[in-house]
Amino acid sequence: MDWEIVIGLEIHVQLKTQSKIFSGSSTAFGKSSNTQASYVDAGLPRILPSLNKEAVELALRFGIAIQADINKRSIFVRKNYFYPDLPKGYQITQDRDPIILGGHIAILVGKNTITVGIDHAHLEEDAGKSIHENLNSHTGIDLNRAGIPLLEIVSNPVMHSPIAAVSYAKAIHHLVQWINICDGNLQNGSFRIDANVSVRPSGEKSLSTRCEIKNLNSFRFLGKAIEYEANRHINAYIKGEKVVQETRLYDANKNKTFSMRQKESAIDYRYLPDPDLPPLIVSQEWIDSVKRSMPPMPWTVQETLSREHNLDLDETTFITQSLAHTLYFESVLKECSSIQAQQCIKWMNGPLQAYINEHSVSWEQPPISPCRLAQIIKNVSNGNLSQSSGRELFKYAIEEQDKEIGNIIEERGLAQINELSSLNDAAKEIIRDNINIAKQVKAGEIKAINALMGKIMKKFSGKIDASQAREALVLAINEELVE
């Protein structure tokens with residue numbers, strides 16, 4: 001029997017606010033335990049929550065980005081359950097009346113583009129954290145995370161492979177960073193994924209029993225966890241066993257999931273409207289104001305780049321991997337002609353990306369301004385610099401930020417040598433000194449010319465045009481080896 005995997009993801013996005021969703025406590029990561037928890041976060045009596053307007057606006061940005069319906073009247077409820085790091089005994093969240101309804105996002109699975117529908121997205125507060133390390137078999141509670149604003153994004157169960165699920169998670173991860181509502185840090189818990197997995201016989205329409213794998217903070221682990229869990233279900237059905245609806249965790253070291261607790265139903269949570277929070281009313285004027293502040297979406301930018309500059313998918317994907325990449329590219333291109341779009345990408349994806357990786361800096365604070373990089377590209381493109389001299393100039397342009405590009409070229413003697421007579425003379429000398437290699441080239445061993453290229457480039461310290469050097473060598477070979 002063939003089986004079909006059915007996957008739905010719940011993604012918890014930590015919203016990029018300075019304070020918590022219902023209190024003024026800081027959301028900064030990595031501070032000492034319980035130094036960022038107020039009376040509201042600790043659940044003390046007679047302390048009332050107050051909704052953070054910025055958290056709402058960030059949620060609206062997401063709803064607009066995925067072309068969802070904005071619920072103009074949403075409700076906060078109390079989700080009741082006991083956990084040591086949930087001091088109130090309930091979590092403030094949204095249930096039947098979330099702020100975001102519907103929406104979709106396109107993802108690439110292999111070479112195919114598919115659309116994943118989103119059921120809804122709702123605002124809620126995070127819980128605290130239980131600490132077990134160095135406490136002599138005791139458990140400590142850190143409330144720094146309690147009250148952190150979250151947007152939980154719930155997809156429809158329409159994905160049918162681990163690859164599709166990972167592609168969707170990456171697309172959401174990219175989007176929330178692009179619209180600047182989340183920093184996307186998986187290690188710090190800013191972006192957490194729960195995967196709901198079930199299997200059914202191929203062709204079957206009804207859904208089977210699902211299990212939820214909690215708190216996956218790696219795209220790689222997401223794929224592996226889904227694959228393991230789907231196989232576990234299939235093996236159980238083949239053996240005639242039942243699959244129990246439950247919450248499970250993934251052990252990356254053993255590459256397997258294990259039971260955490262039986263999955264609660266909605267009735268177990270006793271959802272009740274929170275009497276301390278009025279309904280959230282979102283006006284059309286508010287939505288329009290947020291919409292005007294939005295950047296163009298990455299897929300729109302890709303279409304424009306492809307149409308205006310004849311760029312392929314790999315090139316447009318590189319440029320739009322973050323809004324910072326796109327803004328940098330556009331700034332460089334303003335200084336260059338449109339026919340140099342590919343050159344801009346090569347320099348951004350080559351020397352600049354290598355420098356950023358090596359020195360652990362970011363595209364938000366690049367080591368060289370777009371204007372200076374544009375000047376380097378123009379000097380290489382117009383023949384004033386060779387490629388190798390251009391790379392040398394790139395290094396000096398970062399090290400000597402106070403100097404003009406033209407001055408660096410002059411002081412370092414980087415300008416390309418364009419005197420063809422000296423180039424031709426040097427080529428003849430190299431051929432005479434390496435006559436055997438020249439004969440190999442003459443005999444049709446084209447790759448042998450690379451050895452001669454290395455010698456002539458070294459002779460001129462890389463300050464010559466490679467194509468001109470090759471032409472000079474071929475001309476010299478023909479002249480020196482006339483039969």
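Helix axes here are lines fitted to C-alpha atoms over the stretch in contact, and angles run from 0 to 180 degrees between N-to-C directions. Helices (H or I, at least four residues) and strands (E, at least two) are DSSP runs, numbered from the N terminus. This is a predicted model, where local features need pLDDT of at least 70, side-chain atom pairs count only at pLDDT 80 or more, and totals for chains, interfaces and linings use all residues. Residues are numbered from 1 along each chain as its sequence is written, and side-chain values use heavy atoms, with hydrogens and water left out.

Start by selecting 341–359 and 387–399: these are α10 and α12, packed at about 55° with axes 12 Å apart. That makes α10 oblique to α12 (under 35 degrees is roughly parallel, over 145 roughly antiparallel, 65 to 115 roughly perpendicular, the rest oblique).

Next, pick Tyr269, in helix α5 (residues 266–269). Tyr269 is buried, because its relative accessibility is 10% (buried is under 20% relative accessible area, exposed over 50%, partly exposed in between, with a 1.4 Å probe and protein chains only).

Hop over to Asn215, in strand β13 (residues 211–216). Its phi is near 55°, a positive value in a residue other than glycine, and at 46% relative accessibility Asn215 is partly exposed.

Last stop: Asn255, in the loop between β14 (246–251) and β15 (256–262). Here too phi is positive, near 50°, and Asn255 counts as partly exposed at 33% relative accessibility.
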